[in-house]
Amino acid sequence: MDIMYKKKNVYASATAEERKRIADYCEGYKKFLDAGKTERETVAYSVAMIEKQGYKPYKLGDKIAKGAKLYYNNRGKGLFILRAGTADIAENGVRILVAHVDSPRLDLKQVPLFEKSDIAYLKTHYYGGIKKYHWHTIPLALHGVVALKSGKTVNIVIGENDADPVFYITDLLPHLSQELNTKTISEGFQAENLNLVIGGMPLDGEDKDAVKKGVMKLLNEKYGIVEEDFLSAELEAVPAVKARDVGIDRAFIASYGHDDRVCAYPEITATLESNTKQTVLTILADKEEIGSEGNTGMQCVLISDLLDEIAKSYGVNPAVLRSKSACISADVTAAYDPAFASAFEEQNVGKVNCGVGMNKYTGARGKSGSNDASAEYIARLRAAFEKAGVVWQTGELGRVDLGGGGTVAKYIAKINIDTVDMGVPVLSMHAPYELVGKADVYEAHKAFAAFIE
Ligand code: MN
Ligand code: MN
């Protein structure tokens, strides 16, 4: 028995076979990333994955049979996957895994279209925590829905096929940036300048707003929408890039939206591969990046409603069920970045390819707003992970008092369920193109699988 704690790199003891298993697993993950760049697309792709395995839609109020495989699609933006187990839920509760599938991006405003100096633009309102300068001069795709008064919904994806046009936000040339360079980043890069170039050809015979009218005519021909329909649309500008291996040894994956699809995918694969007798509720949540608000975020009572339905169906007191349940809030953690070493405290932060990270606490300024999981709960998980050979490490968002952040953990803990944050360490978190280590994605899958056993 080693009396000293040591963090280890997953590859340090990995056989050739294990390295191949990690690489192969991540091929599925890259497909998942490219197929779902928005919460709606990820939910749709996940529903297709689980339906193949026999999961059936569930309606609130329906009785849940032991052994049933069900899912509840929350408005196309959130998903609850339920494996109704045969184990005694009055004793074992429900194993809950929650990841979120919304990512930082630029949402279109409700009246987005305007023209200036012969260029047509779309106005945006950013969603989640972004560094605004990242979004200038990169190819952007537009994804989302336009809900029509008729009740019909038009799906739009422009910019993902190589033949598609993309959208673009300009930046000032360095030759003329002497003034800009003296400003702070937040002064120099303003949210109201995040406007997407959408067109440049004036409509024949028009003299006012001719380019804007030209754009609207094309949108009308292709999608049957008029300008007023933007009022009831959810259109998201996301990077028009695909997930790619990084490094000559392919140790990393760069992609848009690792936060938090990099936990959503392992959650789903762990759930689908498991033969557990436990009852498992696997959740893909929306709205985490803006505080888990709204009826598709984890502050919504829907999770309690579903747990109540399980309790009712099994004839168990719902309060007892919750008190016996356990949750992993599966969300990414910051990876130590040697280029910005002073932002981290090296001994406690997660390191890339050193396993899935566990954040006992998140929060800011003295753990404020944090769930801060119990030592006893972490000890239980330590034992389960050791038994399953999971490589895991501690995570801490960064140097104390430098900043901070939160997850959905506290909303689950609030309904009397033991909860801890676990997830993959990410480099350049919240950038349009984030970086993760493949070994950590695989260890997340192993950890979640061990948790639901
Ligand atoms: Mn996250
Ligand atoms: Mn985030």
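In strand 22, Leu435 is the bridge partner of Leu427. That pairing belongs to a predicted model, and it is a handy place to start a tour.

**The five-stranded sheet**

- Strand 21 (residues 425-427) and strand 22 (residues 434-437) run antiparallel and are joined by two bridges.
- Both strands sit in an open sheet of five strands, ordered 11-12-22-21-15, with mixed pairing.
- The edges are taken by strand 11 (244-246) and strand 15 (333-334); each has a single partner strand, so one side of each is left without a neighbour in the sheet.

**Helices across the sheet**

- Helix 11 lies across strands 11, 12, 21 and 22, and runs at about 65° to strand 22.
- Helix 1 lies across strand 11 and strand 12 (252-255), running at about 5° to strand 12.
- The axes of helix 1 (residues 16-35) and helix 11 (residues 438-452) come within 9 Å and cross at roughly 85°, so the two helices are roughly perpendicular to each other.
- On the helix 1 side, the contact is made by Arg21, Ile22, Tyr25, Cys26 and Tyr29, while helix 11 brings Lys438, Ala439, Val441, Tyr442 and His445.
- By type, the residues of this contact of helix 1 with helix 11 divide into seven nonpolar, one polar and two charged.

**The manganese site**

- The manganese ion (ligand 2) lies 3.3 Å from the manganese ion (ligand 1), and Asp259 coordinates both.
- Asp259 is in helix 6 (residues 258-273), whereas Glu289, 30 residues apart from it, is in the loop between strand 13 (279-285) and helix 7 (302-314).
- Asp259 and Glu289 are both buried.

**Strand 13, just mentioned**

- Strand 13 is mostly covered, with seven of its seven residues buried.
- Strand 3 (residues 78-83) runs antiparallel to strand 13 and is joined to it by five bridges; Ile81 stands opposite Thr282.
- Strand 4 (residues 94-100) runs parallel to strand 13, with seven bridges joining them; here Val280 is the bridge partner of Arg95.

Note on methods
Residues numbered from 1 in each chain as written. Chains lettered and ligands numbered in written order. Predicted model: local features only at pLDDT ≥ 70, side-chain atom pairs only at ≥ 80, totals over all residues. Heavy atoms only, no water. Axes fitted to C-alpha atoms, helices over the stretch in contact; angles between N-to-C directions. Helix = DSSP H or I, 4+ residues; strand = E, 2+ residues; numbered from the N terminus. Parallel < 35°, antiparallel > 145°, perpendicular 65-115°, else oblique. Contact = heavy atoms within 4.5 Å. Nonpolar A, V, L, I, M, F, W, Y, C, P; charged D, E, K, R; others polar. Pairing = 2+ DSSP bridges. Donors = N, O, S within 2.8 Å, 3.2 Å for Na, K, Ca; no water. Buried < 20%, exposed > 50% of the residue type's maximum accessible area, 1.4 Å probe, protein only.
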